[in-house]
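This report examines selected local features of the structure shown below.

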Amino acid sequence: MAAAESDREVPSALCTEFLNFSAKDTASKWLQVTDLYKEVYQHLARYVPKIYCLGPNLNPQSEDLLAQLLLQAPLEWYLCGEDPSTGLAKLEQNNQPSQLCGHVFRVGEPTYSCRECAADPTCVLCMQCFLGSVHKEHRYRMTTSGGGGFCDCGDTEAWKKGPYCQKHEPNISDSCQEDPLAHLSTDMIARCYNVFAIVLKYAVDMLTWDKEDELPPGLEPPDRGDTYYCMLFNDEVHTYEQVIYTLQKAVNCTQKEAVSFATTVDRDGRKSVRFGDFAFCEQAKSVIVRNTSRQSKPLRVQVMHSSVVAHQCFALKALHWLGHVIGYSDALRRILCQVGLERGPEGENSSLVDTLMLCDSKMWKGARNVYHQLFMSSLLMDLKYKKLFAIQFAKNYERLQSDYVKDDHDREFSVTDLSVQMFTVPSLARMLITEENLMTTIIRTFVDHLRHRDLQGRFQFERYTAQQAFKFRRVQSLIGDLKYVLISRPTEWSDQLREKFLEGLDTFLELFKCMQGMDPVVRQVGQHIEMEPEWEAAFTLQMKLTHIISMMQEWCATDERVLIEAYKKCLTALTHCHSGFTDGEQPITLSMCGHSVDTIRYCVSQEKVSIHLPVSRLLAGLHVLLSKMEVAYRFPEQLPLSELSPPMLIEHPLRCLVLCAQVHAGMWRRNGFSLVNQIYYYHNVKCRVEMFDKDLIMLQAGASMMDPNHFLMIVLSRFELYHIFSSADCRKSYNRENTNKDVVQQNNTLIEEMLHLIMMVVGERFEAGVGQVEGCDEIKREIIHQLCIRPMAHSELVKALPENENKETGMERVIDCVASFKKPGVTGRGLYELRPECAKQFNLYFHHYSRADQSKAEEAQRKLKRQNGEDMALPPPMLPPFSPLFASLVNILQCDVLLGMLGAVLQWAVEPSGGHWSESMLQRVLHLIGMGLLEEQQQLKNSSEDHDVSFNFTLKISRPGEAPSNTASVLALLENLQNAPHLEVHKDMIRWILKMVASIKTMRELTATTYTVTASGSHGQEEMVCDKDKAERKRKAEMARLRREKIMAQMSEMQRHFINENKELFKQSLEELYASASTSTSLEHSPTSSDAALVCVGPRRSRPREKRQVVTCILCQEEQEIRADSKAMVLAAFVQRSTVMSKNRKRPPHDPEHYDPLFMHPDLSFGTHTGSCGHIMHSHCWQRYFEAVQAKEQRRQQRLRVHTSYDVGNGEFLCPLCECLSNTVIPLLPGTKGSNSCEQPGLGQWLKISGQQIKAMHSAHRKLQPVGVDAVEETEEQCPAPENFRIDYTPMSPYSSTIKEMLTTFGTATYKVGLKVHPNEQDPRVPIMCWGSCAYTIQSIERLLVDEEKPLFGSLPCRQDDCLSSLARFGSACWTAASQPSVQGHYIRLVAALIPDPQVETSPCILDIDMLHLLVSVVLSYGSVHSQDSSGLSVDAVQLHFFHLITVAHMVQMLLTSGPEEVTMEQESGGAEREEEEDICALYNTLRTHLGSSLPEVASGWHLWRCVKTGILPYLRGAALFFHHLNGVPTPPELHAICPGQWEVLCGYLSLPSNLLQLYHSQKELLEPLLYGWCSHPGVRQTLQGGGVLVSFPRESNSLIDLPDDYSALINQASSFTCPKSGGDKSRAPTLCLVCGSMLCSQSYCCQTELDGEDVGACTAHTFACGAGVGIFLRVRESQVLFLSGKTKGCFYAPPYLDDYGETDQGLRRGNPLHLCRQRYRKIQKLWRQHSVTEEIGHAQEANQTLVGIDWQHL
Ligand SMILES: [Zn+2]
Ligand SMILES: [Zn+2]
Ligand SMILES: [Zn+2]
Ligand SMILES: [Zn+2]
Ligand SMILES: [Zn+2]
Ligand SMILES: [Zn+2]
Ligand SMILES: [Zn+2]
């Protein structure tokens, strides 16, 4: 087993040789020689194999040390000509660093880009530079780096503004152009040159060396042994698991070693897996090859001679060294660049840099990374050589890309990835385009790699293989490069740039020609298609090219000459594509309404049609630019406008739009989903700019050059609707003839779509150039229409808008004009709402609405109108005028063919007998008429006096139809329709139209006479219409009111009926309401028996009013009284372990089997919390329910392996009413009855009685023990039990059998969960755990009330009150279900902690006891003792004695831990507390007499009393909660509010003197011995001297850790976090524990650990120590909160970080700056403090089933 051999020692003979070595001497020898190259090679040949690769395990530390000593040191001496430590320092001093920051990014480090100033999104700043830059005040974007790349601070080309941060601001004295070599002596330059040349040559030789057994000449080792390595190389084909499996077989290693090998191979690209002689290694190689060659090409393995490996190791080291040395001086850097780029002996492209680049794909990952880094820190940091390097890079570009495409490593490991560093620099890009013809090179390389073509030379992706698909993915990176080159548009054009750009465009058009018409489809009739055709590749191509196409157009838009040439070229290309568009297609003549046109016979539904038309679309884009840049008007003679054939231009885009319409009409159903998807993407925001939008523009362009009648006839023909509309007779007969219903349906949809298309052609004028609009009008309109659907969040809007190549939508510039922002609350997100004044711009037929959007928007807008009391018409909005080039489009509205079509639809609507029309058809017709009217009105308004408006829509619609049939005019038809009963919904719109017609007529008449009064005249007209309107609306409103009243009356009648029928049910539910509230509130609000102050503990305690407590079972709805002897009622409950209150997270978890939980340490490190949703059931009902859940779960597991959000096997279930996660039930028990208070013993007497009782119990218990314990037999007999203490009496349990059963159930559950053990109802620790849980839950609730600033009583929800009552009462009863002696044993030990008892051996010292836990446990366990007492001693008296004793103990505890006095401020208090201060000093001094110097001296009682008073408050409040719930005493109203004087009320309620010190001073004699006993416990002194955990009081509530306001601070923190297990590697998923602040390496193999025999991830493992199984984390890279509970439960939760738009960014995709939202963080903290995290997970998992399937334990 090679890998396991121990490291070999370096032979001692070598050591002496090394010791005698002098770097200085070697260097001076080198200075003498003539052939330095040979000399250095000899040196390397001799030493390298002696240092590196001497055994199976490399030893990097000693290797590096030796390499430094023997190899680098002489080089440095030579270089400096003196001691390098001084020489290099001098260099550094004289260096004038460049202004570039050049900080290289680590994986996960935050990077910043300014959205206002960055030249392109790849320009980024490091955090330090960003914070010192002007951009932090701008709109910026933040992302995490994927590693590689560097900070662009200081690069003036990267930033439009503010290129320098404060640190990199250039000094004015520096002249930038200075040659860095100027400061260096020629001697130095020469030496430097020599060393760099040799070292770089050596490194290049070795890294590109491909022989396994030989070395380059001059490096052959003096002696070579039979030592080889079996080297395994990385590939991206084989999985981790395959490699691990193979290695275990091949080199016989353990799985752990194999994992480590595989990890290294993945990281470094190669790893030796075996060392030994040749045969040994060869054998391993053959096994690996054999094992991995079955499915794919085998893993690459080489058997390499150790000396080869050694030299390669040193070669890497040498590159590191070069990078290090040039860091000292820009001059050295420049020399290295020079050396690297110097042309080699082989001529062109033979420099060392070229050699490295060209061998890139042959090298392993590690080697590539090292030399890429060197390139970045040398060539790319020197502006002069960056340019030269860029030229070389461009020259080799094609070769490098081809290598990359064949290679299988990711792009980040390829040298081609450096393109971004050069191509995005505008000056370099421009230079490369003009000098190296880069644009053409890139496109040509791209085209060359896509070889699947059909017969016409078009791309064909139909049947391309997986391998081709893989290659296709890799080729796409070329498009990225093209994008970089084009991203900044030239401000000036040289002739050469024009020439090269147009050459590039030519190549680009060649690419487009291959795409024009690709992936054509043919409608499937009869059978469904057999196989979904491949469509994604073509769309991927289109999508990737979208930005390029847009950028090309933008380039053209900056130069008229380029635009004109480009337009010509594009037109030629289009003509070439469709030269024969009429070939083989029959010409036909269409005629209609007195017009006729020649076209071809072509049916989309029968012939091939393609959705890909990039040439047409580019031409459309350029055509718009002609208009926008006014080239069309200024240089018409230079444009080939006469060559344009409008029918040819529109043909293909029209086919494509018809295809969409037919798909909508359901005609292409048999073509499957692939077509549906294509249509979807065609309209999708990602593609539409260069697809759908451009097709529409092409139609507009074509139509603007055609007779509108001809255009419409061709449209009709392509929609295959011509036969319906061709003549008036056809239209009429179409309606009468009852054809196939499906066909009618189809035609209806087609007509709707066609009308919509006409609307778009006439109405879409928001593209600058088509209409007369500003650039931002388009985006405004988009936003308005989105917000017309509903208010939207920022991110939703961004998603709905097209992004440019800079990922900008332009939204921020205009959003505030059209919308107002509404901030989010604690949940939800911020929303933008449309400004009301913008609603009038709403266009129901907005071209980017999907049908769903359209109907949502329609509904929303109608609702808005209703709310505003307006009429319901949604008329078209006002439109901007067309640009002159498109101006003729308006004539479509008034052309004969259109009017004929409008008339036909209206006619059908008037006689709706056949049903061959639809309401949406009519709606569209009305909309079109509205558009015509608006157009006319607009033109009339804008026309000047002498100019006649030729657009006369009103006239046209008033004229009856053509002669033969004499159809009614459109207007007449409308008037007719106004009264049609079946068109109620459209009446408002028709009324609007008629009103418009009237108003326009008035306008015309007025202009005919005196146009000056136009305005007022039409106004009067409008007013009249208005009045009529008002009356109509009033009538409608009245109708609506009557209708509403009728409905209401009907409903209340129905309700009465229902109530009568279900009387019983109603009564029950009311009672249930009452009952569930009663358990707690009844106690509180019952009138107190007397005016006396309320007291909750002791013989004077107030009596609760006896009241029958009746509750209703949520399952069977039956009522039940809570009585000891009746059926058990239970409360659903959830018990969990908790560390929420822990003051010591370092305490290791207890050993569950041996842990003694009797005393809780005051650090509260682990507790058991019980919560409940407050829902009550019969125990038997619950049992039946739970069994059903179990059975269901069993069935489910058998059927399918679906998980549930709860673990039935662990007793978990969901509350049947509220689905709250529960894992047990608490029985409800009646309150304790008050005992009649006869004379009760005082403290002294009680201490005596109690002592006797304990002694008696001691002896009784000893008797029970097995014989053999006989040592103290006789002494016991002398302790007779006190009178009335019946030690042998075994009391009867007062409880019914079901209650007894439930006592056991809950006890066992608490024990099981709290200790994390298997259930065991016999374990004596069961009752202890129950008491502990009661105390812990009380404490936790007390803390919550403080944190939330709520009063002690009256503010808790019922469910918590109920839960506490049941817990307390259960606690006092649980001894009945356990063995009495063991409970008494607990009691004895608890008491012994207060009253020293020689028979109890190990009592904790009072510093190690949490007093509330002690109080609760001792009070609750006393029941077992009291049951044997018949002396009339009341429980109340005993409770009070214990309470007083423990209170004193707690004060002592606090005095011991109070710590030294703080800063002495105003200490003088009024006389009120003078007494307390004196008393406390007295007590403190007593303690000091017992403990001496362990306690510091304290001068004033003021400080002590303050400490005690604030420290004891939580305990007193906890005690009050406890006794209130245990004894059911009503609470004083003063404690229901936060007001002054609480202390006195609280003390009174607890039967305490308000000067607590009286407890001690009044019983001094009795307490003094106890005090002495406490102080003399050895633990006290030890703890005070620092030997234990000292907790000070009051214990502050724990908070989640503080988070920084700026999220990037967290990213930065996480980016420097390295995995603690894999030596310095960056963690991929750094995750922050919000409870303790630990950073963890989550979701990764490296940090998995074993927990209870299972591998778990770092987070899960951490929760068990930090949160007792519950964890709250922040996944820093994802910006996501993670809740974990146990191993199987978890959910994600919205992070508390929001951007300025009030949104979270889970996954950090948007990159807006994020800031902490304290409100939301407090909400998470509250969930944690309330112990609701697990419950939250449960709800999340119930709501989202996919969460259940996640392997949470591996996070
Ligand atoms: Zn920087
Ligand atoms: Zn900087
Ligand atoms: Zn900026
Ligand atoms: Zn029931
Ligand atoms: Zn519930
Ligand atoms: Zn933690
Ligand atoms: Zn790790």
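## A tyrosine pair within one helix

Helix α3, spanning residues 36-51, contains both Tyr37 and Tyr41, which are four residues apart, about one turn of the helix. In this predicted model, Tyr37 is partly exposed, with a relative accessible area of 35%. Tyr41, by contrast, counts as buried because its relative accessibility is 2%, and the cut-off for burial is under 20%.

## Aromatic pairs and a ring cluster

A pair of aromatic rings is described by the distance of the centres and the angle of the planes. The count of aromatic pairs comes to 47. One of these involves Tyr37 and Tyr41: the ring centres are 4.6 Å apart and the planes meet at 25°, so the pair is stacked, given that planes under 30 degrees apart fall in that class.

How are the rings of Trp535 and Phe539 arranged, centre to centre and between the planes? Their pair is edge-to-face, with 5.8 Å between the centres and 70° between the planes. Both partners are buried: Trp535 has a relative accessibility of 11%, and Phe539 has a relative accessible area of 1%. Elsewhere, ring pairs join six residues into a cluster, namely Tyr371, Phe375, Phe389, Phe393, Tyr397 and Phe423.

## Charges over rings

The charged end of Arg300 is placed over the ring of Phe233, at 3.9 Å from the ring centre. For Lys1509, the charged end sits over the ring of Trp1543, and the distance to the ring centre is 5.1 Å.

## The zinc site of ligand 5

Which residues coordinate the zinc ion (ligand 5)? The donors are Cys1173 through SG, His1175 through ND1, and Cys1215 and Cys1218, each through SG, at 1.9 to 2.3 Å. The arrangement is tetrahedral because the four donor atoms subtend angles of 106 to 112° around the zinc ion (ligand 5). Along the sequence, the spacing of these donor residues is C-x1-H-x39-C-x2-C.

Within this site, His1175 belongs to strand β13 (residues 1167-1178), whereas Cys1215 lies in the loop between β14 (1213-1214) and β15 (1221-1222); the pair therefore ties together parts that are 40 residues apart in sequence. His1175 and Cys1215 are both buried.

## The zinc site of ligand 3

The zinc ion (ligand 3) is coordinated by SG of Cys114, SG of Cys117, ND1 of His135 and ND1 of His138, at 2.0 to 2.3 Å. Angles among the four donor atoms run from 98 to 115°, and the site of the zinc ion (ligand 3) is tetrahedral. The donor spacing in sequence is C-x2-C-x17-H-x2-H.

Cys114 and His135 are both buried.

## Ala557 between two helices

Where is Ala557 placed? Ala557 is found in the loop between α22 (536-556) and α23 (560-577). With a relative accessibility of 27%, Ala557 counts as partly exposed.

Leaving aside residues up to four places away in sequence, Ala557 touches Leu625 and Met629. Ala557 and Leu626 are 69 residues apart along the chain, and their C-alpha atoms are separated by 8.7 Å.

Definitions and conventions:
Residues are numbered from 1 along each chain as its sequence is written. Chains are lettered from A and ligands numbered from 1 in the order in which they are written. This is a predicted model: local features need pLDDT of at least 70, side-chain atom pairs count only at pLDDT 80 or more; totals for chains, interfaces and linings use all residues. Side-chain values use heavy atoms; hydrogens and water are left out. Donors are N, O and S atoms within 2.8 Å of the metal (3.2 Å for Na, K and Ca); water is not among the atoms, so sites may look incomplete. Four donors count as tetrahedral if all angles lie between 85 and 135 degrees; four count as square planar and six as octahedral if opposite donors are over 155 degrees apart and all others between 65 and 115; anything else is irregular. Buried means under 20% relative accessible area, exposed over 50%, partly exposed in between (1.4 Å probe, protein chains only). Rings of Phe, Tyr and Trp (its six-membered ring) pair if their centres lie within 6.5 Å; planes under 30 degrees apart count as stacked, over 60 as edge-to-face and the rest as tilted. A charge sits over a ring if NZ of Lys or CZ of Arg is within 6 Å of the ring centre and within 35 degrees of the ring normal. Contact means heavy atoms within 4.5 Å.
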